[in-house]
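Visitor: I am new to this one and would like to walk through it. Could you show it to me?

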Amino acid sequence: MRVLVTGATGFIGSSVARVLLGAGCEVRALVRAGADTRAIADLPVAQCTGDLRDAESVRAAVCGCRQVYHVGALYTYWTRRPDEIYATNVNGTRNVLAAAQAEGVERVVYTSSVATLGSRSDGAPADEETHATLADMVSDYKRSKFLAEQVALDFAKQGLPVVIVNPSTPVGVRDIKPTPTGRIVLDFISGRMPAYVDTSLNIVDVEDVAVGHWLAAQKGQVGRRYILGNRNMTMREILETLARISGRPAPRLRLPFWAAMAFAHADTALARLTPSHVPRATPDTVRLARKPMRFDASRAVRELGLPQSDPYEALEKAVDWFQHSARNRS
């Protein structure tokens, strides 16, 4: 069975491509011209040059595929051109789903995010029925993913067999860019984290997330959302786990939000003045930290059979991978 994976050069997408190959699929990847393809360089994947923003190249990539895994997105909390986030994440999703509809694709799995979900007033973990509005979204990235998910839901109502998966906070191998979560791990093992902000994240092995995509294609209900997550951990717990794995001491200084916000404003101002500088924190990321990212993945476990690998081992794999990559560069 021929399948298309968008975003196959990325952290989640490259793992999805591996799972699909392991399942016996013939994998085609939509790859931007000049993209970093190291994550799939060792895979027998047919690379199709194109761009999510270009409907014609997307249609060509979808042609002849029975399934489409739309993983690709611009995942960043900092850009000088916010319009690029919406063009890729919202319009790009519309292009992919329109092409899938036109080509009669049998199943589409759309990779959304837990960023689109709301939070519970009682502090309990949110699930797929914890709804939010666009006004609740903080940052252009979150707003774009919310709008893109609405596009997917609209296509499902029109009859496109699309299932939505909402990964939480994946960690593991081949986080080349790295993602914002991978940056936490990398900064910790590099000794560049003197302090932290108190928050919570739902940690899940990126390989479990990839398997979750395949399971969603096989067992997921059309138009239904599935959180691909595992364990809720405070930032302190995450850092203490990284300390046990790496042997480095965990930072003891917990920054108050006002101090983190002051740093974020200063770092963002520097980035606007210095084109080569990428801020380590932005006002949006600090605001996001005020909302503990705690989620309940029991629907995906119950209905899809989502694996629940030990998050400690996932963090251990991430540390090993970053350390190995650093040694190879030196």
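Visitor: Let us start with β6. How many of its residues are buried?

Guide: Six of its six residues are buried, so strand β6 is mostly covered. Buried means under 20% relative accessible area, exposed means over 50%, and partly exposed lies in between, with a 1.4 Å probe and protein chains only. Helices (H or I, at least four residues) and strands (E, at least two) are DSSP runs, numbered from the N terminus.

Visitor: What kind of model is this, and how are residues numbered?

Guide: This is a predicted model, in which local features need pLDDT of at least 70 and side-chain atom pairs count only at pLDDT 80 or more, while totals for chains, interfaces and linings use all residues. Residues are numbered from 1 along each chain as its sequence is written, and side-chain values use heavy atoms, leaving out hydrogens and water.

Visitor: Back to β6. Which residues point which way?

Guide: Val162, Ile164 and Asn166 point one way, whereas Val163, Val165 and Pro167 point the other way. In a regular strand the side chains alternate between the two faces of the sheet.

Visitor: How does β6 pair with β5?

Guide: The two strands pair in the parallel sense over four bridges. Strands count as paired if DSSP finds at least two bridges between them. Within β6, Val165 stands opposite Thr111. Between the two strands the chain passes through α4, and this β-α-β crossover is right-handed. Right-handed means that, with the strands pointing away from the viewer, the path from the first strand over the helix to the second runs clockwise.

Visitor: And how does β6 pair with β10?

Guide: Strand β6 (residues 162-167) pairs with β10 in the parallel sense, again over four bridges. Pro167 is opposite Leu228 of β10, and Asn166 has Ile227 as its bridge partner.

Visitor: What is the strand order in the seven-stranded sheet?

Guide: The order is β3-β2-β1-β4-β5-β6-β10, in an open sheet with parallel pairing. At the edges stand β3 (46-49) and β10 (225-228); each has a single partner strand, so one side of each is left without a neighbour in the sheet. Neighbouring strands are turned by 20° against each other on average, direction ignored.

Visitor: Which helices pack on that sheet?

Guide: Helix α2 (residues 55-62) touches β1 (2-6), β2 (26-31), β3 and β4, and its direction makes about 170° with that of β2. Helix α6 (residues 206-219) touches β4, β5 (107-111), β6 and β10, and its direction makes about 140° with that of β4. Contact here means heavy atoms within 4.5 Å. The axes are lines fitted to C-alpha atoms, for helices over the stretch in contact, and angles run from 0 to 180 degrees between N-to-C directions.

Visitor: Now the other sheet. What is the order of its three strands?

Guide: The three strands form an open sheet in the order β7-β9-β11, with mixed pairing. Its edges are β7 (169-171) and β11 (231-234), each with a single partner strand, so one side of each lacks a neighbour in the sheet. The twist averages 45° from one strand to the next. Strands β7 and β9 (residues 200-205) run parallel and are joined by three bridges, with Pro170 opposite Val204 in β9. Helix α6 packs on this sheet too, touching β7 and β9, and its direction makes about 70° with that of β9.

Visitor: Let us turn to the core. Which residues of the largest nonpolar core touch the most other members?

Guide: They are Val5, Val16, Leu20, Val27 and Tyr69, out of 34 residues in that core. A nonpolar core is a set of buried Ala, Val, Leu, Ile, Met, Phe, Trp, Tyr and Cys residues joined through side-chain atoms within 4.5 Å. Helix α6 gives the largest share, seven residues.

Visitor: What does Leu20 touch?

Guide: Not counting residues up to four places away in sequence, Leu20 touches Val3, Val5, Cys25, Val27, Tyr69 and Trp214. Another core, of 31 residues, lies apart from the largest one, and Leu117, Ala126, Val173 and Leu239 are among its members.
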